[in-house]
Amino acid sequence: VVAPEDILSTQGADILRLWVVASNYEEDLRIGPEILKYQGDAYKRLRYTLRYLLGCLEGFSESERLPVEEMPELERWVLHRLWALDAQVRANIEDYDFHALFQALHNFCAVDLSAFYFDVRKDSLYCDPQAATRRRACRTVLDELFSCLTAWLAPILCFTAEEAWWCRGTGPEDSVHLRTFPEIPASWRDDALAEKWARLRELRRVITGAVELERAQKRIGSSLQSSVELYIDWDFEALLSGVDMAEIAITSGVTLIAGQGPDDAFRLEDVAGVAAVPLPAEGEKCQRCWRILPEVGQRAEAPDTCNRCADAVSSLGRAAQ
């Protein structure tokens, strides 16, 4: 027997509520220290997601909000995912399928956000000028994510969602539990964009896999110390037009090459016709964004930085004046 009072006193009510939601009631329910430890790890992922959003949204105002039609593709992909997840959340609740609801929310936070979107956009959040379109678009999407996640998690993680809502303190409602689920615009749906970014994420997996091998062999430290030759044995021009794979894969450079690539190139069995060869990045390290680029140090007003960071530093100086 596991007494609920023991869980409440050691791990908190939200862990117990999360166990209830995550349990598949079509099977025999199981509980014990290891199962509760797993739920505690899942809880940390959801809590850390809310904490990251709170940190990145500090100082956000409506004047910074960017219309959807002016956003980069990556932000519009996240909005599409919110549209799809909203439909699933409502369907799962209607069907009393709370186990699937928990899996969907947890995987969204762990895979789509933490392991991908947050990872890619942290560079823009930290290094782009404050008025940059990409940064404004990202912060606008983060605001939408916060609105949706606090509402969807409120019936499950009652205290955590309330704490996050109070911490930000910008909503019209005094409590997150006075809210209803946000209405997601149908215009956020973009199936073609979702398919495109699914393929781009496959390319990213090949690049990051190759870079991780280099890190395991201690030939590089950070992924930004690498520049990757990406060989693609199919017509990729339409897919990669206007896409910066170095930004997506968090390297200092990606060179696209048509062809099969050398025999010793890195490949994944489930990503056909793609191979990656990681090489040391050429140039100097920008002391602001840590990318290694040939252009670093060319701007006298911001030495030891790349051109983008030099522009950002200059914009901060003008804002201070």
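Me: Which residues does Asp112 touch, not counting residues up to four places away in sequence?
Reply: Asp112 touches Trp77, Arg81, Asn107, Tyr117 and Arg201, leaving out residues up to four places away in sequence. Contact here means heavy atoms within 4.5 Å. Before we go on: this is a predicted model, where local features need pLDDT of at least 70, side-chain atom pairs count only at pLDDT 80 or more, and totals for chains, interfaces and linings use all residues. Residues are numbered from 1 along each chain as its sequence is written, and side-chain values use heavy atoms, with hydrogens and water left out.

Me: Thanks! Where is Asp112 found, and is Asp112 buried or exposed?
Reply: Asp112 is in helix H5. Its relative accessible area is 8%, so Asp112 is buried. The cut-offs are under 20% relative accessible area for buried, over 50% for exposed, and partly exposed in between, with a 1.4 Å probe and protein chains only. Helix names come from DSSP runs numbered from the N terminus: helices are H or I with at least four residues, and strands are E with at least two.

Me: Which side chains make a polar contact with the side chain of Asp112?
Reply: One is the side chain of Arg81, at 2.8 Å. Another is the side chain of Arg201, at 3.0 Å. A polar contact is a pair of N or O atoms within 3.5 Å; within protein, one must be able to donate a hydrogen and the other to accept it, and residues adjacent in sequence count only if both atoms are side-chain atoms.

Me: Let's switch to the core. Which residues touch the most other members of the largest nonpolar core?
Reply: Those are Tyr117, Leu142, Leu145 and Leu240, in a core of 76 residues. Helix H5 (residues 98-127) gives the most to this core, with 12 residues. A nonpolar core is a set of buried Ala, Val, Leu, Ile, Met, Phe, Trp, Tyr and Cys residues joined through side-chain atoms within 4.5 Å.

Me: And what does Leu145 touch?
Reply: Leaving out residues up to four places away in sequence, Leu145 touches Leu53, Val78, Leu82, Phe108, Leu113 and Phe118.

Me: Helices next. At what angle do H2 and H3 pack?
Reply: Helix H2 (residues 13-22) and helix H3 (residues 33-56) pack at about 105°, and their axes are 9 Å apart. Axes are lines fitted to C-alpha atoms, for helices over the stretch in contact, and angles run from 0 to 180 degrees between N-to-C directions. H2 and H3 are therefore roughly perpendicular to each other. Angles of 65 to 115 degrees count that way, while under 35 is roughly parallel, over 145 roughly antiparallel and the rest oblique.

Me: Which residues of H2 and H3 make the contact?
Reply: H2 brings Asp14, Ile15, Leu18, Trp19 and Ala22, while H3 brings Ile35, Leu36, Gln39, Gly40, Ala42, Tyr43 and Leu46.

Me: How many residues of H2 are buried?
Reply: Seven of the 10 residues of H2 are buried, so H2 is largely enclosed by the rest of the structure. The buried residues of H2 pack against helix H1 (4-10), H3, H5 and helix H7 (158-168).

Me: How do H3 and H7 pack?
Reply: They pack at an angle of about 10°, with axes 11 Å apart. That makes H3 roughly parallel to H7.

Me: Last topic: which loop holds Tyr96?
Reply: Tyr96 is in the loop between helix H4 (73-94) and H5. Tyr96 has a positive phi of about 55° although it is not a glycine, and at 53% relative accessibility Tyr96 counts as exposed.

Me: And where is Lys218?
Reply: Lys218 is in the loop between helix H8 (191-216) and strand E1 (226-232). Lys218 has a positive phi of about 65° and is not a glycine. Lys218 is exposed, with a relative accessible area of 74%.
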